[in-house]
Amino acid sequence: MAYDPVLYSRMLTELTFAFHIIFATVGVGIPVMIAFAEWTGMKRNDPYYLLLARRWTRGYVITVAVGVVTGTAIGLQLSLLWPSFMRVAGQAISLPLFMETFAFFFEAIFLGIYLYTWDRFRRPVSHFLLLIPVMLGSSASAFFITTVNAFMNTPQGFTLKGGSITDIQPLVAMFNPATPTKVAHVLSSAYMTSAFVLATIAGAALIKKRDSLYHRKALKLTMIAALVFSITTALIGDLSGKFLAIYQPEKLAAAEWHFETARQVPLVLGGILTQDHQIKFGLKIPFALSILAHDNPNSVVQGLNDTPVDERPPLMVHYLFDSMVTIGIFLMVLSMLSVWMVRKLKSVQYPRWLLRLIALSGPLALLGTELGWFYAEVGRQPWILRGYMKTAHGATTSNQVDLMLLLFCILYVAIGFTLVKVLGRMFINNELHEELKNRGIEGGPAQ
Amino acid sequence: MSIELIGITVLWIFLYGYLIVASIDFGAGFFSYYSDLTGNRNVVHAIINRYLSPVWEVTNVFLIFFMVGMVGFFPDTAYYLGTALLIPGSIAIVLLAIRGSYYAFNTYGARDSRIYKLLYGGSGLFIPASLSIVLTMSEGGFIAETNGRVELLYHKLLTSPYAWSVVLLALVSVLFISAAFLTYYASKAGDRPAMELLRTYAIGWSAPTILCSLLVFFSIHMHNPEHFDRMLSLSWMFVLSFLCFLIATWLIWRRKWLGWSFVFVMLQFAFAFFGYGASHLPYIVYPLVSIHESITNPAMGIALIIAFIAGLCLLIPSLLLLMRLFLFDAAYVEGKRGK
């Protein structure tokens, strides 16, 4: 394969991003879940929930650390791998980038305080209140950074004159058409994913030790949150589809293998695309794409043939889109079922098959997040700034990107491997039993 | 003041903030590992850990701030430095990543591990070296632009006495700043043995710091005489810096007013750092990028400054709260408050 800095830059960015997004997602969602647990524990005076908050926090710090370092990597790699892009777009996106670091700073300060003040305040609510800036900070940084990504999808608020941009309106650039749906989808899916990730821990533990009251409570709390957030995510996902139909029709058309502009368009699930753009084995749902795009079965949906050939996204995004949606729907149904079962089986053991599915739900939700991001990013190829700058013109010209790709592969493998080991030691081979005893919650000396 | 001057000043303040907090952090990691090797672990470990745990995350943010601000205020810099720095920049990222994650694995993970500690303590020493390359490059002569392609001249960089003197200075000042701070922190905790040990580190690293500063001074003279002349016209700042160094070292030597001694260490580096920065202007990367040509669009410049002020209104009270709880809370520092 001939050396191509653009290809390697894309691969390295994808690698770092795919690794970072796991930690970024749980970094946004887990503080919210910790807050639910601590709040419930405080309200009901239930030490189980308080211990839950504590133990989640301990694992959370480790994921935050990896999130911080991979986030730093992304931040620096933007300039290292895409210097020409940053020279042009840096002017327009620096405000949200700057504000993202402020939000992160804010979160970092209060997380540091929260971690070391568990028993320091006279009133427990003071400690709980420290979580509010942590949640605000993490969600705000997700908000700001997503506006940057939204800007790359629907750039506005500037004029491009011969390679340099002028007449910048920072707020117009930030609040571009893609911002509302993107931000909402990112936030709610992050909350949802985190709820499932924590449910996985409880589910896996219940398979081993079926009568653990601690894990039953954890499962109940996480599943209720997962249900609420997965419904929200699905609703916002629908709005995102409608947004695409208007502002980025080629992305939606590529996801649905929809070529001829027409009305009453069916939606295709799965399938194979032949050389001459015929779909085989796909499951067609009549009118569904028209409904998805414009809420009207008779509406016209723009097809891919209206987009010049060299501006079309790769057609494999269809699979990314379908898998993401399938996972989303599966998880929503699973959380409905779990919440119903938890209510029904108040003191009876949960069935093993349900626990197995729950134990799978966290990894599945993370996979869904990855697929969704890959769809969103690959779906705007060949553009780096849709309509303004092609990806090939933004990359570095350096000759050593392949070497750096290898270096970062090794790094992420090493960090990922140790992380799994450390978290595993923390949650799977844990001394939960002893901690319950020490805190006088279960089995040990009276309180 | 023009936007570009405000911009570079803001950035320089952040870089100075990073210099101080990161030095404490990097040095602490190294001392923690070193004391482990020399069998002094029990003496200083608790002190170092108690300081680092709540603040390590905050340290990283200063650096990101600087980078983002640089791209925002001076997008051209992103282009030149971004292209040229691919390898040293990536190495710095890898080191930062190893350091940050293995710190967390070791501190919050279920078990103390020697390997984690080596990765954490060792990488901390190489980061200042890899980051100082940016300062070296900004003196000019290491970047070539031919046919629109920007390249870093590695051969020139690796054989430059100036580059090596900067790396050396970065290393020893990290250890000096860190030891000076930890001496103060240990004395505040009333931990006499830790204070004594850290004090010897501080004294030990004071002379190399000044020697290396002189070395950098002379090698700038050889490498970029124009810059050296501008530094001479600001020589009062460097003289003040030296005075602050003398006072700080003397206080540490006498084991007196250790809090003030650290303030003087901070002033010593402030004078030197801002004197160096001011004499470097108007160039960011000599002679390719000056602050006048590469400045961002005025609307964005103003938006950034507003965001910056708003951000500070949020950050300063929070930082004060953090310091009140963990630096100036006697019970916490003495270890009487648990997690």
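A salt bridge here is a side-chain nitrogen of Lys or Arg within 4 Å of a carboxyl oxygen of Asp or Glu. By this rule the count over all chains comes to 5. The model is predicted, so local features need pLDDT of at least 70 and side-chain atom pairs pLDDT 80 or more, while totals for chains, interfaces and linings use all residues. Residues are numbered from 1 along each chain as its sequence is written, chains are lettered from A in the order in which they are written, and side-chain values use heavy atoms, with hydrogens and water left out.

One of the salt bridges joins B:D25 and B:R99, with the closest N and O atoms 2.0 Å apart. B:D25 lies in helix α1 of chain B and B:R99 in helix α4 of chain B, so the pair ties together parts that are 74 residues apart in sequence. Helices (H or I, at least four residues) and strands (E, at least two) are DSSP runs, numbered from the N terminus. Both B:D25 and B:R99 are buried; buried means under 20% relative accessible area, exposed over 50%, and partly exposed in between (1.4 Å probe, protein chains only).

In chain A, a salt bridge links A:K242 to A:D238 at 3.1 Å. Both residues lie in helix α8 (residues 213–247) of chain A, 4 residues apart, about one turn of the helix. A:K242 counts as buried at 13% relative accessibility, whereas A:D238 is partly exposed at 29%.

Chain B also holds strands. Its strand β1 (residues 143–146) pairs with β2(B) in the antiparallel sense over 4 bridges; pairing requires at least two bridges found by DSSP. Strand β2 has a covered face, B:V150 and B:L152, and an uncovered one, B:R149 and B:E151.
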